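Colleague: I would like to learn how to read the features of a model one at a time. Please take me through this one, starting wherever you like.

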Amino acid sequence: MVEVTVTPQSSLADRPVQIRVRGLSPSQLVTLRAWLKDEQGECFQSRAFFRADEAGEVDPGLHAALGGSYSGVWPMGLFWFLQPDTLFRRLVKRDVAGSPFHVRLE
């Protein structure tokens with residue numbers, strides 16, 4: 001069974017998190033996708049393509065993304081490369097105290 005873990009599960013925007021995927025077949029190609037909706041309901045998303053290591057794991061902090069929204073080793077790439085579905089939108093957090101962004105990973 002494939003398992004995606006994020007540590008810590010809750011974090012501030014300037015704090016790193018670790019993403020790990022386990023339970024894949026060795027050398028399996030996998031797409032990781034991150035997405036969120038901002039305060040106006042606009043969707044922002046990123047994706048990266050990876051090849052699992054010989055243990056069937058993917059760690060964006062250790063393994064290079066082969067393509068997608070970015071390529072190379074970017075531990076926080078899925079967050080840094082979030083793009084809007086609608087052109088010319090910007091991801092801005094206006095209510096910084098009352099409602100956190102909930103980023104979904106799949």
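**Reading the model, feature by feature**

Modeller: Let's begin with Ser 27, which counts as partly exposed at 42% relative accessibility. The cut-offs are under 20% relative accessible area for buried, over 50% for exposed, and partly exposed in between, with a 1.4 Å probe and protein chains only. Before going on, note that this is a predicted model: local features need pLDDT of at least 70, side-chain atom pairs count only at pLDDT 80 or more, and totals for chains, interfaces and linings use all residues. Residues are numbered from 1 along each chain as its sequence is written, and side-chain values use heavy atoms, leaving out hydrogens and water.

Colleague: What is the mean pLDDT of the chain?

Modeller: pLDDT is the predictor's confidence in each residue, from 0 to 100. Where it is low, the predicted coordinates should not be read in detail. Here the chain has a mean of 92, and 99% of its residues reach 70 or more. Helices (H or I, at least four residues) and strands (E, at least two) are DSSP runs, numbered from the N terminus.

Colleague: Back to Ser 27, then. What is the phi of this residue?

Modeller: Most residues other than glycine have a negative phi, and most peptide bonds are trans. Ser 27 has a positive phi of about 65° although it is not a glycine, and its place is in the loop between β2 and β3. Phe 88 also has a positive phi, near 70°; this residue sits in the loop between β6 (83-84) and β7. With a relative accessible area of 81%, Phe 88 is exposed.

Colleague: Where is there a cis peptide bond?

Modeller: Look at Thr 7 and Pro 8, which are joined by a cis bond with omega of about -10°. Pro 8 belongs to the loop between β1 (3-7) and β2 and is partly exposed, at 37% relative accessibility. Leaving aside neighbours within four places in sequence, Pro 8 is in contact (heavy atoms within 4.5 Å) with Pro 16 and Val 17. Gln 18 is ten residues from Pro 8 in sequence and 7.3 Å away in space, C-alpha to C-alpha.

Colleague: Now strand β2. Is Ile 19 buried or exposed?

Modeller: Ile 19, which lies in strand β2, is buried because its relative accessible area is 3%. Neighbours within four places aside, the contacts of Ile 19 include Thr 5, Leu 32, Val 58, Leu 78 and Leu 105. Arg 22 lies in strand β2 too, but its relative accessible area is 31%, so Arg 22 counts as partly exposed. Not counting residues up to four places away in sequence, Arg 22 touches Met 1, Val 2, Glu 3, Thr 5, Gly 56 and Glu 57. Arg 22 and Ala 55 are 33 residues apart in sequence and 8.3 Å apart in space, C-alpha to C-alpha.

Colleague: Which residues of the largest nonpolar core touch the most other members?

Modeller: A nonpolar core is a set of buried Ala, Val, Leu, Ile, Met, Phe, Trp, Tyr and Cys residues joined through side-chain atoms within 4.5 Å. The largest one here has 16 residues, and Leu 24, Leu 32, Ala 48, Phe 50, Val 58, Tyr 70 and Leu 78 touch the most other members. At least two residues of this core come from each of β2 (18-22), β3 (29-37) and β4 (43-51). β3 gives the most, with four residues. Ala 48 is in contact with Leu 32, Tyr 70 and Leu 78, among others, once neighbours within four places are left aside.

Colleague: What is the volume of the largest pocket?

Modeller: On a 1 Å grid over the protein atoms alone, a pocket is an open set of points where a 1.4 Å probe fits, with protein on both sides within 12 Å along at least five of seven lines; lining residues have an atom within 4 Å of a point. Points are joined across faces, edges and corners, and the volume is the space filled by probe spheres set on them. The largest pocket comes to about 800 Å³. Its lining has 22 residues, with Ser 11, Ala 13, Phe 79, Phe 101 and Val 103 nearest the centre. The elements giving two or more residues to that lining are α1 (77-80) and β7 (104-105).
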